[in-house]
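Open the model in your viewer and follow along. Each stop tells you what to select and what is there.

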Amino acid sequence: QFKSINKGRKTNIIDSMLRMLEQYSSNLEDLIRERTEELEIEKQKTDKLLTQMLPPSVAEALKMGTPVEPEYFEEVTLYFSDIVGFTTISAMSEPIEVVDLLNDLYTLFDAIIGSHDVYKVETIGDAYMVASGLPKRNGNRHAGEIANMSLDILSSVGTFKMRHMPEVPVRIRIGLHSG
């Protein structure tokens, strides 16, 4: 058997075993290195997703395993909006067209909120929710930040066109609550 393993060469059994162990060890090291790289990539994806879903301070606390205490905020302003006639638009569209509409519109909104002191709380279906004054307190600027952001969003929606129905205007309903 050793002759067939060593391709007919005469070698010492110990040398053959050592060579095979070295090869096994080398393969194992390569496999461990590859799996470690894959694990690091997945960890980065998880960290990115966590920071997209939660405020950065909460995400960091969870990653470090420390408890996250609820906070009370004296003054905040909330923004919420939805698309007027979304059910009708959805009924007249293919599923991928609805996904494209929401993706295009909320990518536009996300770009706008980047220039304001606000935090995107949630996007569910056609509902979009933003807050100012949390998770970072900003004194009495929260209402102004949300109001200016709302005007910017409203202005951008005026020129927004759906890919699959460019002739149909997109209108949004906006609500604000401050306290």
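Start with the whole chain. The centres of domain 1 and domain 2, taken over C-alpha atoms, are separated by 43 Å. Select 6–64 for domain 1 and 77–178 for domain 2. These bounds come from an automatic or database domain assignment.

A word on the model. It is predicted, so local features need pLDDT of at least 70 and side-chain atom pairs count only at pLDDT 80 or more, while totals for chains, interfaces and linings use all residues. Residues are numbered from 1 along each chain as its sequence is written, and side-chain values use heavy atoms, leaving out hydrogens and water.

Stop 1: Helices (H or I, at least four residues) and strands (E, at least two) are DSSP runs, numbered from the N terminus.

**Stop 2: the core.** Next, show Tyr79, Ile83, Phe109, Val130, Met149 and Ile153. They have the most contacts inside the largest nonpolar core, which has 24 residues. Such a core is a set of buried Ala, Val, Leu, Ile, Met, Phe, Trp, Tyr and Cys residues joined through side-chain atoms within 4.5 Å. Buried means under 20% relative accessible area, exposed over 50%, and partly exposed in between (1.4 Å probe, protein chains only). Colour β1 (77–83), α4 (86–91), α5, β3 and α6 (142–158): each supplies at least two residues of this core. The largest share, eight residues, comes from α5.

**Stop 3: the rings.** How many aromatic pairs does the structure hold? There are three. Rings of Phe, Tyr and Trp (its six-membered ring) pair if their centres lie within 6.5 Å; planes under 30 degrees apart count as stacked, over 60 as edge-to-face and the rest as tilted.

Select Tyr106 and Phe109. Their ring centres are 5.4 Å apart and their planes are at 55°, so this pair is tilted. Both residues are buried. They sit three residues apart in helix α5 (residues 95–113), about one helical turn.

Tyr106 and Tyr128 are stacked, with 5.0 Å centre to centre and 25° between the planes. This pair links distant parts of the chain: Tyr106 is in helix α5 and Tyr128 in strand β3 (residues 127–132), 22 residues apart. Tyr128 is buried, with a relative accessible area of 0%. Keep Tyr106, Phe109 and Tyr128 on screen: ring pairs link them into a cluster.
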